[in-house]
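Please walk me through this structure.

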Amino acid sequence: MFLKEYLSDIYHATKSLLTGMKRTGYYFVHPKEIITEQYPDNRETLKMADRFRGEVIMPHDANNEHACTGCTACELACPNATIKIITKFDVTPEGKKKKALDTFVYHLELCTMCNLCVEACPTDAIKMGQNFEHSVYDRSMLLKKLNKPGSKIREGVE
Amino acid sequence: MFSLQGITSGIQSFLHARFSASGVLIFESLIVILLATTLFALLGLVLVWMERKVAAQMQIRLGPNRVGPMGIFQTSADTLKLILKEGLTPDGADKLLFNLAPFVVMVVAMLLLAPIAFAKGFQVWDINIGVLYITAVSSLSVIGILMAGWASNNKYSLLGAMRSGAQIVSYELSAGLSILTIVVLTGSLQLGDIINAQQNGWWLFKGHIPVIIAFVIFIIAATAETNRAPFDMAEAESELTAGFHTEYSGMKFALFFLAEYINIFIVCAIAATLFLGGWMPLHIGNWQGFNHLMDYIPSSIWFFAKTFALIFLIMWFRWTFPRLRVDQLLNLEWKYLLPISLFNLLLVTVIAILGWHF
């Protein structure tokens with residue numbers, strides 16, 4: 001009985017080692033499996049993964065309209081004060097005052113790309129961008145205003 | 001047909017016509033020294049590049065690809081960097097042993113080159129106890145490693161060196177026993193005789209099951225003896241930083257690095273000689289036509305092809321298997337490899353006596 005166990009040990013060990021070698025051998029003879037991106041060379045064709053988080057962006061449509069209501073949910077959700085929302089009061093045609101976004105201040109240098117602001121946003125006004133080439137010579141250039149000048153909130157977004 | 005034998009005998013007769021016997025010896029020694037050094041330098045460059053490329057492909061990476069086409073000059077650039085770096089000796093180190101250790105390791109690797117037949121009639125020294133010489137000298141490299149570990153005055157180095165000692169003491173046994181199977185079948189310790197005995201087929205095929213078992217055991221033991229993953233207990237980057245060569249830098253480190261690759265080449269060359277017929281082309285029994293066809297490929301190409309195939313196999317091991325723990329390492333040797341190779345030696349003796357091999 002001991003001998004049987006001993007031999008089956010050897011058999012299973014060899015089999016599992018060969019399974020591993022089969023895998024690496026497969027990769028060796030299939031160079032198309034290589035996943036290396038030769039970054040500066042393939043900058044034009046570089047395709048980032050869908051879930052890659054490079055920076056917070058605020059999409060604007062063709063009429064220069066965004067979906068941000070200035071509710072500051074993202075500012076409250078941010079763990080390290082990356083976002084500062086400055087609001088203003090718009091006057092509607094009926095003469096009523098309405099809270100609206102004035103400036104969406106985004107400190108890229110403080111952001112950890114944790115995605116909490118995007119999850120907190122009730123109107124899907126912000127999302128994570130794919131750009132990762134953020135290096136600049138001056139720290140102050142990392143401070144960004146996400147809403148474009150002259151933009152306003154899209155009709156029907158509350 | 002291209003043959004190195006013609007060149008060597010040509011040089012021999014050329015020298016004999018002009019100098020006395022001792023003069024010929026001196027000149028031939030100088031030529032051998034030159035060739036060995038060139039071979040070492042070339043092997044170091046080629047094998048390091050090959051290892052990095054193989055590793056990259058197996059891990060779905062590209063590997064070196066910037067310095068020259070496919071990165072072939074990467075290793076030359078690395079060597080240049082290592083030559084220019086300062087070779088630091090730590091304050092608390094034993095200066096003499098510390099500086100001597102890399103050279104001991106290299107000299108052992110060089111000594112092992114002597115009995116290896118690179119091609120038909122192209123051998124430094126066809127000593128009549130070649131196999132014994134190889135097993136005896138190859139275990140000396142542990143002395144260099146122990147010297148390096150002890151002299152570094154560093155706990156990591158010492159632990160690495162001690163592990164290496166335990167490893168070589170263990171794995172020498174099964175390596176020696178698996179070499180013995182070939183000695184039993186051939187009846188000679190001379191490497192030239194062993195190669196000639198494979199005229200009608202390599203031992204791996206002629207000796208069937210027991211020789212295949214011996215071959216597998218020898219490859220495992222050779223991987224362990226050269227301190228390569230999965231048996232790189234002496235270095236074990238994740239446990240001992242770099243083990244015995246933690247304190248080495250510059251060219252002294254490069255010598256250790258080079259010696260590792262030279263040792264791989266040598267153990268693979270020995271495995272190729274013993275089990276795959278060295279420079280002997282692939283011959284099958286009495287198929288005269290096929291054998292003649294195979295003879296057209298030069299013997300040096302056969303030798304290097306076999307050796308590099310085995311080197312590739314060992315690299316394949318390294319980039320597939322995880323490192324063993326020390327106790328697993330010793331378990332594998334004493335509980336599995338040694339009993340199997342002892343039994344295998346008995347089996348092969350019976351086969352040799354009864355003539356059950358081809």
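**A walk through the model**

Residues 203–224 of chain B are 95% helix and 0% strand, and their end C-alpha atoms lie 23 Å apart. Helices (H or I, at least four residues) and strands (E, at least two) are DSSP runs, numbered from the N terminus. Residues 171–191 of chain B are 81% helix and 0% strand, with 22 Å between the end C-alpha atoms. An unreviewed UniProt entry lists both spans under "transmembrane region", among them also 24–49 and 96–118 of chain B. Such annotations may be inferred rather than shown by experiment; positions follow the numbering used here, and feature names are shortened.

This is a predicted model: local features need pLDDT of at least 70, side-chain atom pairs count only at pLDDT 80 or more, and totals for chains, interfaces and linings use all residues. Residues are numbered from 1 along each chain as its sequence is written, while chains are lettered from A and ligands numbered from 1 in the order in which they are written. The mean pLDDT (the predictor's confidence in each residue, from 0 to 100) of chain B is 83.

Now take helix H4 (residues 95–111) of chain B. H4(B) has 17 residues and reaches 25 Å from its first C-alpha to its last. H4(B) bends by about 35° at Ala101(B). That bend is the angle between axes fitted to the seven residues ending there and the seven starting there. A proline, Pro102(B), follows within four residues.

Which helices do the buried residues of H4(B) pack against? They pack against H5 (130–138), H6 (141–151) and H12 (250–276) of chain B.

Note on methods: Expected span 1.5 Å × (residues − 1). Contact = placed C-beta atoms within 7 Å.
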